[in-house]
Amino acid sequence: MNAVRLIALLLVLVLVLACHTAPVRAATTCTATAPTALAFGTITNGAATATNAMTSFTITCTTAALSVLGSASVRACLKIGTGSTGSTLLPTRSMTNASADPMAFQLYTNAGRTTVWGTVPGGTPPAAVVTLSYGVPLLTGGSGAQTVTLYGQVPAAQVLSAGSFASNFTAANVSLEYAYNESIIGTAQPPALCTTASGVSGHKTADSAFPFTVSANVLPQCSTYVTTDMDFGSNAGAITANLDRTSTIGLTCINRTAYSIGLDNGQSAQGTTRRMRFTAPNSSVYYIPYELYRDPARSQRWGNTLNTDTQSGTGNGAAQTLTVYGRAPPTSGAIPAQGSYNDVITVTITY
C-alpha cells in the first residue's frame, strides 16, 4: 500500500506542475534598436506622385533563467507620436524646415501604406503590435527578437518651400509598452493586451525606446521667366538730356528660394560701357552708349558679378517682377547716323 500511495502522490504532483503557470520568477525586459533615419531624399515642389521610404529596427525581449522547461511570451505595442515638429497624427504628420514651413508626411505599419502607425493599442490610429514567445532554459535564460519595418510616405501635389525638412521622434513619441507571462514549465501564453497589468507576470513601459529622424529636402527652384524690351524711343539730332526708360524681368520661384539676377554687358560693350549698335547700309557701324541700373536713382549699376552688382531676391511661390532702370546719357554732338540702334542683354538667374 505504501508503494501505491507514493506513486499516486508523484502523479498528482506532476499533474499540478504541468497545469501551473508560475508567478513571476525572473524579470523580462524588452528593448528596441534605433532605426536608421527615414530619409525621403529630394522632394519636388508639386510632385505628381507620392514619395515612399522605409526603414527597419529590431525589438528584443530577454528573460533570465527560469527552469529546464521554462518559457516566456510577450505582447508588445510600439507607439509613434506626432514627432518634434507636428501636432496631429491624422490625416498627416508634418515636418518643417528652418523657417517652420511644413511638409506633410505619414508613417504606416504596412507596405501598402493604408494603416497609419499611431499610439493607441487597439485604437485609431493603432500602435504596432508584436508578439514574441521563446524558451527560457535554466542556465542561460532566453530571448526572442523580431524585425519591425516602418513605412513612410510624402503625399504628392504639395506646395512646398525650399529647405531641409526634418522631424525628430524621441521621448514619448517612441514608446514601448509590453506585458508578459513567464512559465517554469510548459508554454507561457501571451497576454491578451500589451496594456494588461493584472493577471500577468509583468507589465512595463519605456519612452525613447527606438528614436529616429524623418528627413526630406526641397531644392530651390525658379521658372516662368518673362522679360520686356527697353525702348528709348525716337530722337532727332543729339541727345541733349538723359533718356530714362525701364523694362522688367519676371520670374516665379518656390517659397524661400534665394536667387540672384545678373545682366551681362551686351553684344557691343566697350570695356564696361554698354552700347547700342547701328550698322548703316554701307556697313559703317555706329554706337550710342547707355547703362542699366538696379535702382530708380540710377546710381547702382546692374552687372553680372554675384554678390557685387547683381540683384538679389527671395521667392514666395508667386510671380515676382523686378524693374530694370535704363539711361542713355547726352551725346556730344549729333547722333552719328540715323537708324535703329539696339543691343541684346543676357539675363542670368542663379539660385
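Biologist: By class, what makes up the lining of the largest pocket?

Modeller: The lining of the largest pocket has 18 nonpolar, 11 polar and three charged residues, where Ala, Val, Leu, Ile, Met, Phe, Trp, Tyr, Cys and Pro count as nonpolar, Asp, Glu, Lys and Arg as charged, and the others, Gly among them, as polar. This is a predicted model, in which local features need pLDDT of at least 70 and side-chain atom pairs count only at pLDDT 80 or more, while totals for chains, interfaces and linings use all residues. Residues are numbered from 1 along each chain as its sequence is written, and side-chain values use heavy atoms, with hydrogens and water left out.

Biologist: What makes a set of grid points a pocket, and what volume does the largest pocket have?

Modeller: On a 1 Å grid over the protein atoms alone, a pocket is an open set of points with protein on both sides within 12 Å along at least five of seven lines, whereas a cavity is a set where a 1.4 Å probe fits but cannot get out, and lining residues have an atom within 4 Å of a point. The largest pocket has a volume of about 710 Å³, a volume being the space filled by probe spheres set on the points, which are joined across faces, edges and corners. Of the 32 residues that line the largest pocket, the closest to its centre are Met230, Asp231, Phe232, Met276 and Tyr341.

Biologist: Which strand gives the largest share of the lining of the largest pocket?

Modeller: That share, four residues, comes from β14, and β14, β17 (285-293) and β19 (319-328) each supply at least two residues of the lining. Strands here are DSSP runs (E, at least two residues), as helices are (H or I, at least four), numbered from the N terminus.

Biologist: Why do β13 (222-227) and β16 (274-279) stand at the edges?

Modeller: The open sheet of five strands has the order β13-β14-β19-β17-β16, with antiparallel pairing. Each of β13 and β16 has a single partner strand, so one side of each is left without a neighbour in the sheet.

Biologist: Why is serine 71 called buried, and what does its side chain reach at 2.7 Å?

Modeller: Buried means under 20% relative accessible area, exposed over 50% and partly exposed in between, with a 1.4 Å probe and protein chains only, so serine 71, at 8%, is buried. Serine 71 is found in strand β4, and its side chain reaches the backbone oxygen of glycine 186 at 2.7 Å, while the backbone nitrogen of alanine 188 lies 2.8 Å from a polar atom of that side chain.

Biologist: What makes alanine 157 stand out in its phi, and is alanine 157 buried or exposed?

Modeller: Most residues other than glycine have a negative phi. Alanine 157 has a positive phi of about 60° although it is not a glycine, and it is found in the loop between β8 (142-154) and β9 (163-169). With a relative accessible area of 61%, alanine 157 is exposed. Alanine 171 also has a positive phi, near 50°, and at 39% relative accessibility it counts as partly exposed.

How values were computed
Two strands pair if DSSP finds at least two bridges between them. A polar contact is a pair of N or O atoms within 3.5 Å; within protein, one must be able to donate a hydrogen and the other to accept it, and residues adjacent in sequence count only if both atoms are side-chain atoms.
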